[in-house]
Amino acid sequence: MPVWAPRVSKLKIRQLYETDARGIYDRALIDEVGYALLARCESFVAAVRAVAGEATCPRCGAVVSHTGQKGELLRCPCGWELTWGAYFSTIQHKQLSGAEPVLRLFREYVAAYPRARTSRERILLIDRLLHGFHWYYKDDTPTRPVAINLIEGRLGDVIAFLEDLTYGNRSTPGTRECFAVWRERAEVARGWSRCKET
Ligand SMILES: [Zn+2]
């Protein structure tokens, strides 16, 4: 069965922002969070691709195309096989779906993070990723924070968690500005979701 990287725990992310607010770069902690997010982003991109018709073989990594029929048997040359229905059940209800703007954000993060040399660059990449949004394709309105796809918890918990992260005078420059933009977009997103519900 395919295995998807889990969403990242709030504890480590909170510690990351607390140490950053004190002006400390803890490289081990940064990379623990950074690579957990990278694995999650890779899983997200692979899951969306699988749903779009190109599943990844969990044994050898080859791409196995399918038409989306639940009973269709996915067969890889390496000998692995599974029905699409069983494959899809590993993806459902795991916050593993999104459209192109989110995929672009996640792919960019996956490519950029390992190449970033300094702790400061890595913090900024993590920060930008965590404060991304899903966008409504028709009018480019933010719909919900991508943090729901990256951090464990329900949407309301995750939003409250991001609102509660610690910033200080010694936080990496740019992080508080990123949060300010995020908060404005979150307001729009909340309004937009309410309109959709009613
Ligand atoms: Zn295979």
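**Pocket**

I started with the largest pocket, where H4 (100-112), E5 (133-136) and H8 (175-197) each supply at least two lining residues. This is a predicted model, in which local features need pLDDT of at least 70 and side-chain atom pairs count only at pLDDT 80 or more, while totals for chains, interfaces and linings use all residues. Residues are numbered from 1 along each chain as its sequence is written, and side-chain values use heavy atoms, with hydrogens and water left out.

For elements I used DSSP runs numbered from the N terminus: helices are H or I with at least four residues, strands E with at least two. I put about 280 Å³ down for the space in this pocket. Of its 13 lining residues, Leu 105, Arg 128, Gly 132, Phe 133 and Arg 185 are the closest to the centre. By class I noted 7 nonpolar, 2 polar and 4 charged (Ala, Val, Leu, Ile, Met, Phe, Trp, Tyr, Cys and Pro are nonpolar, Asp, Glu, Lys and Arg charged, the others, Gly among them, polar).

**Hairpin**

Phe 133 turned up again here, standing opposite Pro 145 in E6. E5 and E6 pair in the antiparallel sense over 4 bridges; pairing takes at least two DSSP bridges. They form a hairpin with 4 residues between them, and Asp 140 in the turn has a positive phi of about 55°. I also checked how enclosed E6 (141-145) is: 4 of its 5 residues are buried, so the rest of the structure largely encloses this strand. Buried means under 20% relative accessible area, exposed over 50%, partly exposed in between (1.4 Å probe, protein chains only).

**Core**

Which of its 57 residues touch the most other members? They are Tyr 87 and Phe 106. H1 through H8 each give two or more residues to this core, and H2 (27-51) gives the most, with 12.

**Cavity**

Method note: on a 1 Å grid over the protein atoms alone, a cavity is a set of points where a 1.4 Å probe fits but cannot get out, a pocket is an open set with protein on both sides within 12 Å along at least five of seven lines, and lining residues have an atom within 4 Å of a point. Points are joined across faces, edges and corners, and a volume is the space filled by probe spheres set on them.

Notes
A nonpolar core is a set of buried Ala, Val, Leu, Ile, Met, Phe, Trp, Tyr and Cys residues joined through side-chain atoms within 4.5 Å.
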